[in-house]
Amino acid sequence: MVIRPHDLIEVSNLKYLSFYEDKEWVTASLRRAPFVVVRRAELLANGWIPVGIRGPERNQREAAFLDPEGVCQLVSPYAIAERQMWNSLFTTRRQQPVLQVMDLLAEIMLDWRWGPVGSAGFEIVTQDHTVKETSDLDLVIDGSEVIDYAAAERLVHKLEHLDVRIDIQLETRDGAYVLHEIIERRASTVVLRTSSGPKLVRNPWQ
């Protein structure tokens with residue numbers, strides 16, 4: 001089983017989770033939606049998976065580790081887009097701005113391997129109401145192969161015309177870049193987010 005950052009994991013039993021502090025909201029959130037999101041961090045020596053627990057508020061995030069035995073279901077951002085899973089949401093929830101643009105987004109992103117993450121990805125998979133009227137839309141694009149700079153620039157310009165703010169991470173074999181940082185080319189170096197922490201590297205598209 002290949003597990004990557006941003007993947008959502010349904011936990012079969014909360015006993016398989018280990019976190020530092022048993023806050024009231026953590027238990028409440030897991031009971032409401034027993035899903036965690038894979039963090040960009042090193043696996044533990046015993047194979048436990050670094051994950052994060054989401055609460056209803058932006059400041060409610062808890063780092064944890066999951067025993068692989070506790071993986072009931074794994075859903076990647078790419079699977080969300082491939083299956084267009086947002087169609088299973090209630091119509092009233094799809095009126096939220098970041099969910100309302102999903103069908104149009106799928107048309108624009110037709111030539112890319114992509115998927116929603118953050119609050120939108122979480123709600124689409126879990127049906128838990130994590131998206132708000134003011135939520136940004138966070139996306140990942142598969143950058144395991146070389147990406148054409150001009151095509152990426154055209155994509156960013158198209159997305160800027162949508163009615164929501166969109167943040168895109170380019171996922172590569174070595175880590176992730178924020179796509180806008182590469183497109184803007186304001187410096188010869190950019191931040192690469194890796195499992196061992198952020199690194200300043202040469203802009204890969206210069």
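Predicted model: local features only at pLDDT ≥ 70, side-chain atom pairs only at ≥ 80, totals over all residues.

Visitor: Which residues touch the most other members of the largest nonpolar core?

Guide: They are Leu105, Trp114, Leu137, Ile141, Leu159, Ile166 and Trp205, in a core of 46 residues. Helix 6, residues 149-159, gives the most to this core, with 6 residues.

Visitor: And what is Trp205 in contact with, beyond its neighbours within four places in sequence?

Guide: Trp205 is in contact with Ile147, Tyr149, Ala152, Leu170, Leu179, Ile182 and Ile183.

Visitor: What does Glu62 touch, not counting residues up to four places away in sequence?

Guide: Its contacts are Phe19, Tyr20, Glu21, Lys23, Trp25, Val26, Val51, Gly52 and Ile53.

Visitor: On to the pockets. What is the volume of the largest pocket, and how many residues line it?

Guide: The volume of the largest pocket is about 950 Å³. Its lining has 39 residues, and those nearest the centre are Arg54, Arg61, Gly118, Ser119 and Asp138.

Visitor: Which element supplies the largest share of that lining?

Guide: Helix 5 does, with 4 residues. Among the other elements that each supply at least two residues are strand 3 (35-38), strand 7 (114-117) and strand 9 (166-171).

Visitor: How many residues of each class are in the lining of the largest pocket?

Guide: There are 17 nonpolar, 11 polar and 11 charged residues in the lining of the largest pocket.

Visitor: What about the volume of the second largest pocket?

Guide: The second largest pocket has a volume of about 510 Å³. It is lined by 27 residues, and Ile3, Arg4, Pro5, Arg40 and Glu171 are the closest to its centre.

Visitor: Which elements each supply at least two residues there, and what are the classes?

Guide: Strand 4, helix 2, strand 8 and strand 11 (189-194) each supply at least two residues of the lining of the second largest pocket. By class, this lining has 10 nonpolar, 6 polar and 11 charged residues.

Terms used:
Residues numbered from 1 in each chain as written. Heavy atoms only, no water. Core = buried A, V, L, I, M, F, W, Y, C linked by side-chain atoms within 4.5 Å. Buried < 20%, exposed > 50% of the residue type's maximum accessible area, 1.4 Å probe, protein only. Contact = heavy atoms within 4.5 Å. 1 Å grid on protein atoms, 1.4 Å probe; cavity = no way out; pocket = protein on both sides within 12 Å on 5 of 7 lines; lining within 4 Å. Points joined across faces, edges and corners; volume = space filled by probe spheres on them. Nonpolar A, V, L, I, M, F, W, Y, C, P; charged D, E, K, R; others polar.
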